[in-house]
Amino acid sequence: MEDYMKIEFPAKSKNESFARSVVGAFATRLDITIEELADIKTAVSEAVTNAVVHGYKGKGGIIEIYCRAVQNEIHIEIKDMGCGIKDVEQAMQPLFSGSDDEDRSGMGFTVMDSFMDDLEVISAVGHGTTVRMRKIVGETYEA
């Protein structure tokens, strides 16, 4: 049976920890390890931070998160209606940052990709960005 949840909240930096907590709480319904939970929370943090900093450029908007739990997988979709990404392939390169802020490392998508089993980024300039992630969780043993 499939289980799901959907939330939306203002695109403010202070809501990044809220998003981590909510998705983390949802993920605990699966047979999940502490390490897997930490991976999921980290990836969600990066996606929400990208939406606030790059998607809305700190000017506010709405972030939507949709999660589905299917057997031993969690599917997470984080969506903003911000400025969008001109070149997704370039933006996903390690150390690339679309921000003039020197405090940004340009590792957001790299971190998401390393902690999740699948990462897909869909974006259109002027229409926003959707980040889709999937993580297989729980111990699997082969006979």
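Modeller: Let us start with the naming of elements: helices (H or I, at least four residues) and strands (E, at least two) are DSSP runs, and they are numbered from the N terminus. Please keep in mind that this is a predicted model, in which local features need pLDDT of at least 70 and side-chain atom pairs count only at pLDDT 80 or more, while totals for chains, interfaces and linings use all residues. Residues are numbered from 1 along each chain as its sequence is written, and side-chain values use heavy atoms, with hydrogens and water left out.

Colleague: Which elements does the chain have, and in what order do they run?

Modeller: The chain has four helices and five strands, and from the N terminus on they follow the pattern β-α-α-β-β-α-α-β-β.

Colleague: How do the strands pair in the sheet?

Modeller: In general, strands of a sheet pair through backbone hydrogen bonds, either parallel or antiparallel. Two strands are said to pair if DSSP finds at least two bridges between them. Here the five strands form an open sheet in the order β1-β2-β3-β5-β4, with antiparallel pairing. Its edge strands are β1 (3-10) and β4 (118-124), each of which pairs on one side only. Between β1 and β2 (residues 62-70) there are eight bridges in the antiparallel sense, and E8 has E64 in β2 as its bridge partner.

Colleague: Which residues have a positive phi although they are not glycine?

Modeller: Most residues other than glycine have a negative phi, and most peptide bonds are trans. In this model K57, in the loop between α2 (34-55) and β2, has a positive phi of about 50°. Q71, which belongs to the loop between β2 and β3 (73-80), also has a positive phi of about 50°.

Colleague: Is Q71 buried or exposed, and is N15 buried or exposed?

Modeller: Buried means under 20% relative accessible area, exposed means over 50%, and partly exposed lies in between (1.4 Å probe, protein chains only). Q71 counts as exposed because its relative accessibility is 71%. N15, in the loop between β1 and α1 (16-27), counts as buried because its relative accessibility is 14%. Of the 143 residues of the chain, 41% count as buried.

Colleague: What is N15 in contact with, leaving aside its neighbours within four places in sequence?

Modeller: Contact means heavy atoms within 4.5 Å. With those neighbours within four places left aside, N15 is in contact with F9 and P10.
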